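Hi,

Here is the structure I promised to pass on. Please have a look at it first, and then read my notes below.

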Amino acid sequence: ADYAQESYFSADVEKSTLTGVVAADGSTTLALYYKRAEVKITVNGEEDNYFVGEEIPAPVVDPTVIPEGYEQDTTNPWVDENGDPVKVPYEVKEEGNPTEIKPNFVKKTYTVEFKINDSVYASAELEFGAPITSAGTPAETAIPEGYFFKGWSTDGNTVIDDFGTVE
């Protein structure tokens, strides 16, 4: 018997009965079984087989794998093996599937503020690990009357020259 392959299904010839003899009563039974194509994809570090047409739900990120100073990107939270965005849930296709779907981590951003008497004199948005540079000497008009500027401090007492990095 002839058969036509349907989309992402293929004939399971081992289970199928493709030939037969016509019985004395004129009947014969043939059976054709199909199997659905599978694709191997690693999702969030775990490799598994998925059927074409199956929907892979949005994975959950294990907080212990998030590097220090990073967070999952809110714009493109999941990417493929090339770093290209992957929309989840993801429907497995016949071709062009990613081999990997993994979380996309980006450096956290912090606001560093230089204050004079609890008023912000200068601020900067810096990524984790970026060096913090001084806001410089404030204009005399920013310094309260009767005071002079000695330098910037993280605790209000100790003047520091090296501000380190954002952590």
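Two strands are said to pair if DSSP finds at least two bridges between them. Helices (H or I, at least four residues) and strands (E, at least two) are DSSP runs, numbered from the N terminus. Before you go further, please note that this is a predicted model: local features need pLDDT of at least 70, side-chain atom pairs count only at pLDDT 80 or more, and totals for chains, interfaces and linings use all residues. Residues are numbered from 1 along each chain as its sequence is written, and side-chain values use heavy atoms, with hydrogens and water left out.

Let me start with the sheet. Four strands form an open sheet in the order S4-S3-S9-S7, with mixed pairing. S4 (46-51) and S7 are the edge strands, each of which pairs on one side only. As background, strands of a sheet pair through backbone hydrogen bonds, either parallel or antiparallel.

Here is how the neighbours meet:

- S3 and S4 are antiparallel and share 6 bridges. Lys40 has Asn49 of S4 as its bridge partner, and Thr42 stands opposite Glu47, also in S4.
- S3 and S9 pair in the parallel sense over 2 bridges, and Val43 stands opposite Ile101 in S9.
- S7 (residues 78-79) runs antiparallel to S9, and 2 bridges join them. Val79 stands opposite Lys102 in S9.

The hairpin of S3 and S4 has 2 residues between the strands, and in this hairpin Asn44 takes a positive phi near 55°.

Next comes the interior. A nonpolar core here is a set of buried Ala, Val, Leu, Ile, Met, Phe, Trp, Tyr and Cys residues joined through side-chain atoms within 4.5 Å. The largest one has 13 residues, and Ile41, Ile56, Tyr90, Val92 and Ile101 have the most contacts inside it. Strand S3 (residues 38-43) gives the largest share of this core, with 3 residues. There is also a second, separate core of 9 residues, including Val112, Phe114, Ala130 and Ile132.

Counting a contact as heavy atoms within 4.5 Å, and leaving out residues up to four places away in sequence, Val92 touches Val39, Ile41, Tyr50, Phe51, Val52, Gly53, Glu54, Ile56 and Asn97.

Asn97 is found in the loop between S8 (90-91) and S9. Asn97 counts as buried because its relative accessible area is 16%. Its side chain makes a polar contact (a pair of N or O atoms within 3.5 Å; within protein, one must be able to donate a hydrogen and the other to accept it, and residues adjacent in sequence count only if both atoms are side-chain atoms) with the side chain of Tyr90, at 2.7 Å. A polar atom of the Asn97 side chain also lies 2.5 Å from the backbone oxygen of Lys93. Not counting residues up to four places away in sequence, Asn97 touches Val39, Ile41, Tyr90, Glu91 and Val92.

What about charged pairs? A salt bridge is a side-chain nitrogen of Lys or Arg within 4 Å of a carboxyl oxygen of Asp or Glu, and by this rule the count comes to 2.

- Lys40 pairs with Glu47, with the closest N and O atoms 4.0 Å apart. Lys40 is partly exposed at 48% relative accessibility, while Glu47 is exposed at 54%.
- Lys115 and Glu113 meet through their side chains at 3.7 Å, N to O. Lys115 is partly exposed at 42% relative accessibility, and Glu113 is partly exposed at 42%.

Finally, a stop at Glu71, in strand S6 (residues 70-72). Glu71 is partly exposed, with 37% relative accessibility. Its contacts, not counting residues up to four places away in sequence, are Ile66, Asn104, Phe105, Val106 and Lys108.

Happy browsing!

Technical notes
Buried means under 20% relative accessible area, exposed over 50%, partly exposed in between (1.4 Å probe, protein chains only).
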